[in-house]
Amino acid sequence: MTNRWLIQCVLCSVLASASAAGCQMLHRYRPVAILVRDSDTKKPISGAVVRISYPFTPAYRAPWNASGTTGNDGIVRLRAAPAGDIGLMVELDATGYLCEEKDLVVEAIQAIEPPRLFEVVEQRPASFIFEMVAEPRPTIELVVPTGYRGTLKVEVQTQESVAFKPGQRSFSYVVPASAVMQVTGPVLLRHILPPDFRARYADGTVLSHEAKDLEIGFWWLRQEGRYQCFLVGSRREFDNLSYSDSGGPGAGPSHGRGSNAGGGGKGRRGHRDQQSSPDQASFP
């Protein structure tokens with residue numbers, strides 16, 4: 001009885017695996033040629049690792065993932081299938097460049113003609129062109145009114161139409177009196193993270209991330225919806241706000257401020273609309 005049970009388990013496992021593989025083989029794959037190039041120079045990037053996956057499709061009916069490395073012409077040739085309702089993800093990774101993730105809708109893959117009989121698909125031109133940003137990481141400089149102490153709230157939006165100079169990695173914005181601001185920049189700023197923010201007073205005084213004692217510094221506090229919240233103040237003020245946010249004794253609301261803070265615009269929440277709204281920079 002035990003042997004029979006073991007055999008049944010093995011057979012079920014084999015059948016399940018075969019069924020899953022069969023679902024993957026039923027897809028009609030398209031040849032996908034991807035050109036990867038430098039966003040500044042527009043030159044092809046060789047040695048870039050490109051991965052295609054289907055994170056939005058249930059695993060049991062998702063096509064096979066694919067990966068490869070670009071040649072000297074910056075092109076990698078993979079295959080993909082139009083599956084699911086949302087599409088697939090393309091991941092790009094190359095030495096000296098910031099990693100990228102691109103979404104491709106199902107219609108974009110459906111538009112690629114399946115390989116014809118005896119066709120040499122390697123002769124097809126690139127189906128898609130993706131750009132990568134060379135290091136270093138971009139930074140945002142906030143120009144704060146001289147003498148200001150308190151919290152700042154910053155929402156970062158990116159738009160394809162916003163131009164920037166080749167090689168430019170630093171972007172400066174003036175903080176309004178309200179200390180609540182929305183900044184719009186190039187798509188490069190999709191890579192921005194809280195440590196990438198800098199600040200200085202309008203008179204040129206730099207606000208350090210590592211201010212000591214009573215020195216006025218610049219600190220990241222938290223994220224509120226689409227806003228990143230910072231403090232211009234002393235180390236003690238930062239420690240007090242951080243302790244309050246963590247729920248310690250005397251904890252106040254999550255939008256607590258330092259002394260003489262500017263207007264307290266509330267954080268907004270919303271969802272990304274890929275069709276009509278600018279992209280929102282994401283943070284951990």
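**Figure 1. Residues 14–23, where pLDDT stays under 50.** For this stretch the model has three contacts beyond four places in sequence, a contact being a pair of heavy atoms within 4.5 Å. The confidence that the predictor assigns to each residue, from 0 to 100, is the pLDDT. This is a predicted model, in which local features need pLDDT of at least 70 and side-chain atom pairs count only at pLDDT 80 or more, whereas totals for chains, interfaces and linings use all residues. Residues are numbered from 1 along each chain as its sequence is written, and side-chain values use heavy atoms, with hydrogens and water left out. Residues 249–284 also keep a pLDDT under 50, and for them the model has 87 contacts beyond four places in sequence. Where pLDDT is low, the predicted coordinates should not be read in detail. The protein chain averages a pLDDT of 81, and 76% of the residues score at least 70.

**Figure 2. The salt bridge between Glu131 and Arg37.** A salt bridge places a side-chain nitrogen of Lys or Arg within 4 Å of a carboxyl oxygen of Asp or Glu. The closest N and O atoms of Glu131 and Arg37 are 2.9 Å apart. Glu131 belongs to strand β7 and Arg37 to strand β1, so the pair ties together parts that are 94 residues apart in sequence. Strands (E, at least two residues) and helices (H or I, at least four) are DSSP runs numbered from the N terminus. Glu131 counts as partly exposed, at 23% relative accessibility, and Arg37 is likewise partly exposed at 25%. The accessibility classes are buried under 20% relative accessible area, exposed over 50%, and partly exposed in between (1.4 Å probe, protein chains only). A network of salt bridges links Arg37, Lys42 and Glu131.

**Figure 3. Lys42 and its positive phi.** The phi angle of Lys42 is near 65°, a positive value in a residue other than glycine. Lys42 is found in the loop between β1 (30–38) and β2 (49–53). With 41% relative accessibility, Lys42 counts as partly exposed.

**Figure 4. Ala179, a second residue with positive phi although it is not a glycine.** Its phi is about 65°. Ala179 sits in the loop between β10 (170–174) and β11 (180–185). The relative accessibility of Ala179 is 2%, so this residue counts as buried.

**Figure 5. The cis peptide bond from Glu135 to Pro136.** Omega of this bond is near 10°. Pro136 is placed in the loop between β7 (128–132) and β8 (139–144).

Figure 6. Not counting residues up to four places away in sequence, Arg77 touches Val32, Ala33, Val121, Glu122 and Arg124. Its side chain reaches the backbone oxygen of Val121 at 3.4 Å. A polar atom of the Arg77 side chain also lies 2.8 Å from the backbone oxygen of Arg124. Such polar contacts are pairs of N or O atoms within 3.5 Å; within protein, one atom must be able to donate a hydrogen and the other to accept it, and residues adjacent in sequence count only if both atoms are side-chain atoms. At 34% relative accessibility, Arg77 counts as partly exposed. The C-alpha atoms of Arg77 and Val50 are separated by 9.5 Å, and these residues are 27 apart along the chain.

**Figure 7. An open sheet of four strands in the order β3-β2-β5-β6.** The pairing is antiparallel, two strands being paired if DSSP finds at least two bridges between them. β3 (66–69) and β6 (100–104) stand at the edges with a single partner strand each, so one side of each is left without a neighbour in the sheet. On average, neighbouring strands of this sheet are turned by 15° against each other, direction ignored. Axes are lines fitted to C-alpha atoms, for helices over the stretch in contact, with angles from 0 to 180 degrees between N-to-C directions. Five bridges join strand β5 (residues 88–93) to β6, and the two run antiparallel. Met89 stands opposite Asp103 in β6.

**Figure 8. Salt bridges between buried residues: Glu100 with Lys102 and Arg222 with Glu224.** Side chains of opposite charge can pair when their charged atoms come close. The N to O distance is 3.8 Å for Glu100 and Lys102, both of which are buried. For Arg222 and Glu224, the closest N and O atoms are 2.9 Å apart; Arg222 is buried, as is Glu224. The count of salt bridges comes to 12.
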